[in-house]
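Thank you all for coming.

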Amino acid sequence: MSTRIPVGPQHPALIEPEHLDVKVDGETITDVDVHLGYIHRGIEGLMQKKNYQQNVYIAERICGICSGVHTSTYSEGVESLLGLEVPKRAKYIRTIILELERLHSHYLWLGLVAYEIGLDTAFQISWRDREIVLDLLEKITGNRINYAMNTIGGVRRGITKEMQKETLQGIDALWEKTKYYKEVFLKDSIVRARTKNVGVLKKRDAERYSVAGPIVRASSVDFDVRTTNYAAYADVKWKPIVRHGCDINSRLDVRIEEVFEALNIIRQCIENMPEGPLKTIVPPVVPKGETIMRTEAPRGELFYYIRSNGTAMPERVKIRPPTYANLLALKPMLIGSELADLPVIVASIDPCFSCAERVGVIKEGTNKKEIFDGRRLRMMKDAP
Amino acid sequence: MTILKKIVNFARLKSPYLLHFDCTGCNGCTIETLACITPRYDVERFGIVEKGNPRHSDLLVINGSVNKKMEPRLKRIYEGMAHPKAVVAVGACAISRGVFFDAYNNGKPIDKIVPVDVYVPGCPPKPEAIIDGIVKALGLWKERLEEYK
């Protein structure tokens with residue numbers, strides 16, 4: 001006999017509103033269904049109504065945690081439409097912001113996983129150290145969140161010599177603290193008991209569900225979009241982190257090692273920062289054409305498709321954020337595991353639903369689910 | 001007011017429970033509100049503890065505007081809270097829908113759905129501003145507690 005348990009939209013274990021319809025047999029999860037639409041705002045539609053410069057600010061507010069990577073992906077997409085070459089200094093500053101953002105996102109995630117396991121102290125400590133990163137971001141950009149640093153054609157502010165010195169000091173402090181996290185999260189027997197062989201996603205499943213980011217790298221697939229050398233990643237030495245455990249413990253391992261890599265990248269960028277202008281002159285009209293841009297957000301691959309028809313506004317902007325890919329992988333992870341492990345498994349993919357909410361069909365008065373297949377979508381496209 | 005009631009009110013005032021509910025927002029305000037319970041800002045100084053259950057909570061902190069799907073859920077959570085209660089709207093989206101004001105699925109600002117006591121502006125507001133808003137809401141909540149028989 002199976003029982004249905006609703007989880008969400010308001011639930012102590014969830015930070016963001018989503019609804020999980022969980023079927024259990026005793027304590028074992030037999031089926032799960034994810035219902036979305038609580039955070040759908042209609043951003044892609046809104047972007048078609050605003051001009052290219054205004055869209056930078058909208059892209060920033062798709063997600064509060066990875067706001068820097070959204071603006072830099074959007075700007076690089078528009079720059080490739082315009083055929084602009086961004087100054088080298090701007091590329092380095094972009095890389096520093098992207099990596100600082102990865103740091104703060106990974107510290108946040110470490111805290112959340114510790115909280116879901118029940119280790120409240122580790123949650124508090126990791127969020128305390130996250131404040132060091134936020135202080136650096138505030139000093140460099142003027143804002144803790146939504147930095148407004150990127151713009152089409154470059155960046156808006158430079159990094160002065162004093163800021164560079166402070167950033168290096170902050171990085172050294174974080175390096176020591178992260179060594180301690182490595183002890184706690186990878187060697188502690190309680191954490192190991194709660195994360196080893198929990199939420200297993202095999203390599204075959206990870207490839208079949210097109211999972212992205214640290215989750216796929218923890219399932220022994222070497223896939224990191226930073227190898228495509230956007231921003232200044234071609235000029236710095238780094239390597240993608242791949243682990244073979246396929247469980248939450250290896251996801252912890254991947255993210256902690258990525259923190260070390262991010263610290264290394266920031267240090268190299270600051271030490272080799274070239275002189276020069278921050279921004280190029282941007283032509284007023286975007287020519288006709290289309291482009292795609294891929295970057296590695298803290299949670300995985302972020303994909304932008306921009307089509308221009310020669311007017312002031314883009315004809316179409318399509319965004320595929322990492323959680324959109326990772327969400328489907330919840331099913332093979334959850335089925336067969338214990339109900340008590342549900343919060344930590346959901347947290348382990350680092351879901352960001354405000355990024356992922358792309359389409360929502362809501363009919364008032366009815367409670368019916370609608371599934372749109374390819375044929376139906378084509379019909380809707382052809383209809384006037 | 002009896003002496004017992006006075007003691008109970010005194011105790012309630014020193015330990016308000018806070019319910020944090022994220023509506024149709026972008027997460028920015030959410031992580032800044034969560035940062036308030038971490039060591040740098042630490043609202044537990046005021047006795048405030050974050051709770052997951054609306055029936056145990058005294059203060060409701062809301063981020064983001066409300067779309068059609070979210071509206072009945074927010075109403076239900078507000079109605080589930082015990083009287084007296086106070087509501088804090090955090091962020092530009094909660095107050096006036098922010099940059100998304102003309103997006104097709106961005107329904108209503110919070111105060112069209114539930115009564116709001118304190119508005120904290122900013123995109124996102126800093127944790128200091130959020131704590132200030134929560135403390136102001138506690139003052140209002142205290143008045144209501146004394147009126148409440």
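Predicted model: local features only at pLDDT ≥ 70, side-chain atom pairs only at ≥ 80, totals over all residues.

In a left-handed crossing, α5(A) passes α2(B), where left-handed means that the near helix is turned anticlockwise from the far one by less than a right angle, and right-handed that it is turned clockwise. Axes here are lines fitted to C-alpha atoms, for helices over the stretch in contact, and angles run from 0 to 180 degrees between N-to-C directions; helices are DSSP runs of H or I with at least four residues, strands are runs of E with at least two, and both are numbered from the N terminus. From α5(A) the contact involves W127(A), R130(A) and E131(A), and from α2(B) it involves I31(B), L34(B) and A35(B), contact meaning heavy atoms within 4.5 Å. Those residues divide into four nonpolar, no polar and two charged, where Ala, Val, Leu, Ile, Met, Phe, Trp, Tyr, Cys and Pro count as nonpolar, Asp, Glu, Lys and Arg as charged, and the others, Gly among them, as polar.

Residues are numbered from 1 along each chain as its sequence is written, chains are lettered from A and ligands numbered from 1 in the order in which they are written, and side-chain values use heavy atoms, with hydrogens and water left out.

Within chain A, helix α6 (residues 161–187) packs against helix α10 (residues 248–271) at an angle of about 165°, with the axes 10 Å apart, and the two are therefore roughly antiparallel. The residues of their contact comprise 14 nonpolar, five polar and six charged.

Which residues of helix α6 lie about one helical turn apart and form an aromatic pair? They are Y181(A) and F185(A), whose rings are tilted, at 6.3 Å centre to centre and 55° between the planes. Rings of Phe, Tyr and Trp (its six-membered ring) pair if their centres lie within 6.5 Å, and planes under 30 degrees apart count as stacked, over 60 as edge-to-face and the rest as tilted. Y181(A) is buried at 3% relative accessibility, and F185(A) is buried at 1%, buried being under 20% relative accessible area, exposed over 50% and partly exposed in between, with a 1.4 Å probe and protein chains only. Together with Y107(A) and Y180(A), these two residues form one aromatic cluster.

Leaving out residues up to four places away in sequence, T95(A) touches A231(A), A232(A), Y233(A), I265(A) and C269(A).

Finally, the backbone: D350(A) has a positive phi of about 55° although it is not a glycine, and it lies in the loop between α13 (342–348) and α14 (353–356) of chain A. In chain B, the peptide bond from H83(B) to P84(B) is cis, with omega near -5°.

Conventions. Parallel < 35°, antiparallel > 145°, perpendicular 65-115°, else oblique.
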